[in-house]
Amino acid sequence: MLDLKSLETFIWTMRLGGFRRAAERLNTTQPAISARIAQLQDELGVVLFERVGRRVAPTPQAMVLLTYAEKMMALRSELLTAVADRSAIRGVIRLGVAETVVHTWLSQLIERLNALYPAVSLEIEVETSPSMRDALARHELDVAVMLASYTDVRFRAVPVGSYPLGWVVSPSLPLPEEPVSLRDLAAWPIITFSRTTQPYGVIREMFSSVGLQVRMFGNSSLASVVRMAVDAVGVSVIPTVIVQRELAEGRLRLIRSQAPLPGMTFCAAHSATAENHMASVVADLAATVAAEYEAATGNEAPRALEGD
């Protein structure tokens with residue numbers, strides 16, 4: 001009888017393109033992966049991988065097996081959903097999150113997941129949406145909470161809320177009377193997300209479309225963006241939910257501009273294949289927690305273009 005662990009090993013070897021990467025994904029050794037594949041080949045009586053030069057390539061039989069193996073693992077997920085006690089479900093979920101989520105409802109998600117599935121572990125990476133999309137496609141992440149604009153047909157995406165961006169400055173920064181023009185804003189560095197993100201590109205285009213040169217200070221750390229704004233280095237473009245304390249304490253102020261900013265719409269995405277039960281659970285739970293956070297904080301989705 002075919003062993004599910006061997007089938008899982010086979011699937012990850014196919015997806016990741018080799019025994020070494022499959023071993024890393026399954027937290028085991030390369031000899032263990034080779035042994036499971038050898039056992040599967042013996043049970044089926046076919047060769048699944050053959051050496052081509054210095055690499056191992058799947059045979060035509062392996063391509064056929066992959067379809068059935070994924071169906072069997074998907075059925076296993078359905079069984080777990082219908083029958084298993086949550087406390088008995090084990091595994092590791094590799095979760096990627098945008099930093100905006102870290103500063104809002106990530107801790108609530110972790111607490112809720114731990115209460116519902118105490119034997120499931122999380123490995124969390126904080127990354128930009130483009131990086132998470134690529135990692136998700138390479139199966140290096142199980143779930144990614146990223147900007148919805150980066151999803152495609154390879155992923156199942158669950159909406160997890162939107163956040164307005166704002167022009168935020170130190171009260172000591174000398175700006176003209178509001179609403180402030182783009183020309184007046186361009187006199188200062190614009191401090192925002194890193195240059196690989198969509199908000200960075202959208203903001204730069206806002207200025208260049210009207211013929212304005214602007215200095216962009218891209219930063220991969222939102223905490224650093226906030227610090228630089230408080231220190232009056234320039235004008236910050238940041239989700240307003242991140243700076244509620246600084247706004248309330250008067251260390252920052254939100255300014256009105258003649259140029260409205262887009263909003264940031266997020267989703268929790270995972271592979272569209274159905275075999276990863278916990279990835280789907282985490283994505284759906286993220287949507288629930290995000291909705292509760294929005295209701296508790298009164299955060300309203302922006303009525304502008306999608307960003308990041």
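The largest pocket is lined by 26 residues, and Glu 8, Leu 26, Arg 90, Gly 91 and Val 92 lie nearest its centre. This is a predicted model, in which local features need pLDDT of at least 70 and side-chain atom pairs count only at pLDDT 80 or more, while totals for chains, interfaces and linings use all residues. Residues are numbered from 1 along each chain as its sequence is written, and side-chain values use heavy atoms, with hydrogens and water left out.

**The pocket and the cavity**

Let us stay with the pocket for a moment. Its volume is about 830 Å³. At least two lining residues come from each of α1, α4 (60–83), β3 (91–97) and α12 (277–297), and α1 gives the most, with 6 residues. Helices here are DSSP runs of H or I with at least four residues, and strands are runs of E with at least two, numbered from the N terminus.

The structure also holds 1 cavity of 30 Å³ or more, with about 110 Å³ of space in the largest cavity. Of the 12 residues lining the largest cavity, Arg 15, His 139, Asp 142, Ser 271 and Asn 276 are the closest to its centre. Two or more lining residues come from each of α1 (4–16) and β11 (263–271).

On a 1 Å grid over the protein atoms alone, a cavity is a set of points where a 1.4 Å probe fits but cannot get out, and a pocket is an open set with protein on both sides within 12 Å along at least five of seven lines; lining residues have an atom within 4 Å of a point. Volumes are the space filled by probe spheres set on the points, which are joined across faces, edges and corners.

Asp 142 is found in the loop between α7 (129–137) and β5 (143–147). Asp 142 is buried, at 5% relative accessible area (buried is under 20%, exposed over 50%, partly exposed in between, with a 1.4 Å probe and protein chains only). Its side chain makes a polar contact with the side chain of Arg 25, at 2.4 Å (a pair of N or O atoms within 3.5 Å; within protein, one must be able to donate a hydrogen and the other to accept it, and residues adjacent in sequence count only if both atoms are side-chain atoms). A polar atom of the Asp 142 side chain also lies 2.7 Å from the backbone nitrogen of Arg 94.

His 139 sits in the loop between α7 and β5. It has a positive phi of about 65 degrees although it is not a glycine, and it is buried at 16% relative accessible area.

**Other backbone features**

Ala 232, in the loop between α10 (222–230) and β9 (235–239), has a positive phi near 60 degrees. Ala 232 is partly exposed, at 22% relative accessibility. A cis peptide bond, with omega about 0 degrees, joins Glu 178 and Pro 179.

**Helix α3**

In α3, Ile 33, Arg 36, Ile 37, Leu 40 and Gln 41 are buried. They lie on the same side of α3 because they cover an arc of only 140 degrees around the axis, taken from the directions from the helix axis to the C-beta atoms. The face turned away from the buried side carries the exposed residues Pro 31 and Asp 42.
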